[in-house]
Amino acid sequence: MATYDFALEDLRLRTFNAGPGDGFNDAVSFFVETRDQAETDYYWEALTSDGGSERACGWLRDKFGVNWQVCPEITLRLIGDPDRKKAERTLQAMYKMRKIIIADLEAAYAG
């Protein structure tokens, strides 16, 4: 079994090559927080191209079978709003999306 050590910013990670019997699964995923729609679109397109697949609520699976969530930073702010009616409208709008569209979240939030 081979191990690989690497760092993402200050986070040290170790991966294992467990052999062909253990493929990727939903137990591991990556989260990409984006600043705006352009950045969201960039990562979404890059990760779904060449064999990736879209999933609900900003989730996708890349061509290697790795799960990612591409989420604009405003999303967590809107769904975490203390005004639960606004937050719930935003959450319900997100449930209907694949790639998250900021303008649609903001419209739902505004009511």
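Predicted model: local features only at pLDDT ≥ 70, side-chain atom pairs only at ≥ 80, totals over all residues.
Biologist: What is the radius of gyration of the protein?
Modeller: The radius is taken over C-alpha atoms, and the globule rule is 2.2 Å times the number of residues to the power 0.38. Along the principal axes, the C-alpha atoms fill a box of roughly 55 × 30 × 25 Å. A compact globule of 111 residues would have a radius near 13 Å, but the protein has 17 Å.

Biologist: What percentage of the residues count as buried?
Modeller: Buried means under 20% relative accessible area, exposed over 50%, and partly exposed in between (1.4 Å probe, protein chains only). Of the 111 residues, the buried ones make up 31%.

Biologist: Among contacts with a separation of 6 or more, what percentage joins residues 24 or more positions apart?
Modeller: A contact is a pair of heavy atoms within 4.5 Å. Of the contacts with a separation of 6 or more, residues 24 or more positions apart account for 46%.

Biologist: How far apart are the centres of the positive and negative side chains?
Modeller: Lys and Arg count as positive, Asp and Glu as negative; His and the chain ends are not counted. Each charge is placed at NZ of Lys, CZ of Arg, CG of Asp or CD of Glu. There are 14 positive and 19 negative side chains. The centres of the two sets are separated by 5 Å.

Biologist: Why do the buried residues of α4 lie on the same side, and which elements do they pack against?
Modeller: The buried residues of α4 (102-110) are Ile102, Leu105, Ala108 and Tyr109. They lie on the same side of α4 because they cover an arc of only 125 degrees, taken from the directions from the helix axis to the C-beta atoms. They pack against α1 (37-48), β6 (67-72), α2 (73-79) and α3 (84-95).

Biologist: Is glutamate 9 buried or exposed, and what is its phi?
Modeller: Glutamate 9 is in the loop between β1 (2-8) and β2 (11-17). Its relative accessible area is 78%, so glutamate 9 is exposed. Most residues other than glycine have a negative phi. Phi of glutamate 9 is positive, near 55 degrees.

Biologist: Is cysteine 57 buried or exposed, and what is its phi?
Modeller: Cysteine 57 is in the loop between β4 (53-54) and β5 (59-61). It is buried, with a relative accessible area of 14%. Although cysteine 57 is not a glycine, its phi is positive, about 60 degrees.

Biologist: Which residues does glutamate 73 contact, leaving aside neighbours within four places in sequence?
Modeller: Glutamate 73 sits in helix α2 and is partly exposed, at 30% relative accessible area. Its C-alpha is 9.3 Å from that of valine 32, 41 residues away along the chain. Its contacts are Glu33, Thr34 and Arg35.

Biologist: Which residues does glutamate 39 contact under that exclusion of neighbours within four places?
Modeller: Glutamate 39 is in helix α1. It counts as buried, at 15% relative accessibility. Its contacts are Glu33 and Thr34.

Biologist: Which residues does arginine 61 touch, not counting those up to four places away in sequence?
Modeller: Arginine 61 belongs to strand β5 and is partly exposed, with a relative accessible area of 28%. Leucine 47 is 14 residues apart from it in sequence and 7.5 Å apart in space, C-alpha to C-alpha. Arginine 61 touches Asp26, Leu47, Gly52, Ser53, Arg55, Val66 and Asn67.

Terms used
Residues numbered from 1 in each chain as written. Heavy atoms only, no water. Helix = DSSP H or I, 4+ residues; strand = E, 2+ residues; numbered from the N terminus.
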